[in-house]
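The following note is intended for a colleague who is meeting this structure for the first time. Please read the numbered points with the structure open alongside.

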Amino acid sequence: MGAKPGLYLGLMSGTSLDGVDAALVETDGERLARPGAALTLPYDDALRARLRALLDRAERLAHDDAELAEAERALTDRHAEAVAALLGAAGVAAGGIVALGFHGQTILHRPERGLTWQIGDASRLARATGIPVVHDFRSADVAAGGQGAPLAPLWHAALAEGLARPLAVLNLGGVGNVTWIGADRAVIACDTGPGNGPLDDWVSARAGVPFDEGGRIAAAGTVAVAVLARLMAHPFFAAPPPKSLDRLDFAAAIAASGLTVLPVADGAATLAAFTAAAVAAIRAHLPEPPLRWLVTGGGRHNTAIMTALRAALGVAVEPVEAVGWNGDALEAQAFAYLAARSLRGLPLSLPTTTGAPRPMPGGRLVRPE
C-alpha cells in the first residue's frame, strides 16, 4: 500500500488505563500536520480492572492465556467503537481514512531484555472498521537495541514548528515522558519517571477512587520529605536519555520508601511531588533548559502536580491548550501521524529519542479481509 497525504485516524490507550483516545489528522507524515476531530471513549470499570490485572501478571503471562485473549478482544472492540463514534461525529466515511494508527495497550515494557508487549488484535480491528490498520509501532526499535519509547516526539516537533525554542513537551500519563526541541530543531526525548500511575494506584487502594480528580486529595496532604528523598535516590534519575520505563518500575521502590505508612492525603501529596521532582531531574541531562514546558496527558488536570512542577522548574509550565493543542488527543494524533510515516517508510524514532542505532522505521500494515 503506497502512502499518500490524506486523513489518518490515530488510536491510543495509555498506561493510565482510562479509555481509548481517537483523533483525526490530515497529514503526509512530514510537514502537513493538521489535527482534526477527536474524542475519548472511556473504559468501563470491568475492562479497566481486567487490564490492570494483566499488568500485574504480564511477566508470567503466556501468549495463549485465556484471560488475556478475552481482554484483548474487549480492548479491540472498544477501539472499533471509538473509530465508529469519531467518524460519526466528524461526518467522515470509513473510506475517507487512509489508515488507522493502532497502538494497542502496553502490558509489559522491558527494552533491556528486547521485549515490549502491546495487546490488541489489528486484524480484528481492520475487519470491524473496514479500514487498513498500521500497528506494532515499537518492536522494530526495541529489536534494534532502542528503548521503543517514547514515540510521540516527532509529532510534538511537527506541531511545535512555529513556537519559541528550546521547548519541552511533557506528557503525564501513567508514566511521564518529555520531548525537548532545540532552537536548531534537534529532538531529544525520554521517559522522566512516574506520571499518574503510582498516584492512581495509591488513591485506588486507599481511597477507593480510580484517580485523584483535580489533585484534591494530594492538595490536602503534606509531602513526606524523607520518603521523597528515598524515592529520588532511584538510579533511573542519574541515567542520561534515552531511557524508558514500564508502568510498574517504581513499585518496589515505593513499597520500600516508607510511603505505605502515610495517611492517604500525605501519600498522595508525596507521589505528586515525586512526579514533579522526577521531571525536574531530567534538566541536568538536556543541552539547554527549556524556555517553557507544555504539559499534556491527564496529569495536566492535577493541580497538585502542576503546582509542584511550576515550583520545581521555575519557568512557565502550561497545559498544551495554551498554544491551541488538544491535550486529550495529542497521543492519538501522534499515532495517526506515525501511521502515515510508517506507510512511507519514514523513521518513527531517532537515536536521540529511543537510543536506536539509527533512525528507525517501524509499524506493520494489516488490510481488512
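This is a predicted model: local features need pLDDT of at least 70, side-chain atom pairs count only at pLDDT 80 or more; totals for chains, interfaces and linings use all residues.

1. A residue is termed buried when its relative accessible area is under 20%, exposed when that area is over 50%, and partly exposed in between. Aspartate 201, with a relative accessible area of 25%, is therefore partly exposed.

2. Since aspartate 201 belongs to helix H6 (residues 197–207) and arginine 52 to helix H1 (residues 45–57), the pair ties together parts that lie 149 residues apart in sequence.

3. A second salt bridge joins the side chains of arginine 300 and glutamate 321, at 2.9 Å from N to O. This pair likewise links distant parts of the chain, 21 residues apart: arginine 300 sits in the loop between strand E10 (292–296) and helix H11 (303–313), and glutamate 321 in the loop between E11 and helix H12 (330–344). Arginine 300 has a relative accessibility of 8% and so counts as buried, whereas glutamate 321, at 35%, counts as partly exposed.

4. Salt bridges with shared partners also connect Arg52, Asp56, Asp201 and Arg247 into one network. The count of salt bridges comes to 21. Among them is the one between arginine 34 and glutamate 26, whose closest N and O atoms are 3.4 Å apart. Glutamate 26 is partly exposed, because its relative accessibility is 32%.

5. A polar contact of 3.0 Å connects it with the side chain of histidine 103, and the arginine 138 side chain reaches the backbone oxygen of glycine 148 at 2.6 Å. With residues up to four places away in sequence left out, arginine 138 touches His103, Thr106, Thr116, Gln118, Gly148, Ala149, Leu151 and Phe335.

6. Attention may now turn to a sheet. Five strands form an open sheet with mixed pairing, in the order E9-E8-E7-E10-E11. Strand E9 (187–194) and strand E11 (316–319) are the edge strands, each pairing on one side only. On average, neighbouring strands of this sheet are turned by 20° against each other, direction ignored.

7. Within the sheet, strand E7 (residues 167–172) and strand E8 (residues 175–181) run antiparallel and are joined by six bridges. Leucine 167, for instance, has isoleucine 181 as its bridge partner in E8.

8. Is glycine 362 buried or exposed? Its relative accessible area is 12%, so glycine 362 is buried. Glycine 362 and serine 342 are separated by 20 residues in sequence, and their C-alpha atoms are 5.9 Å apart in space. Apart from neighbours within four places in sequence, glycine 362 is in contact with Ala140, Ser342 and Leu348.

How values were computed. Residues are numbered from 1 along each chain as its sequence is written. Side-chain values use heavy atoms; hydrogens and water are left out. A polar contact is a pair of N or O atoms within 3.5 Å; within protein, one must be able to donate a hydrogen and the other to accept it, and residues adjacent in sequence count only if both atoms are side-chain atoms. Contact means heavy atoms within 4.5 Å. Two strands pair if DSSP finds at least two bridges between them. Helices (H or I, at least four residues) and strands (E, at least two) are DSSP runs, numbered from the N terminus. Axes are lines fitted to C-alpha atoms, for helices over the stretch in contact, and angles run from 0 to 180 degrees between N-to-C directions. A salt bridge is a side-chain nitrogen of Lys or Arg within 4 Å of a carboxyl oxygen of Asp or Glu. Buried means under 20% relative accessible area, exposed over 50%, partly exposed in between (1.4 Å probe, protein chains only).
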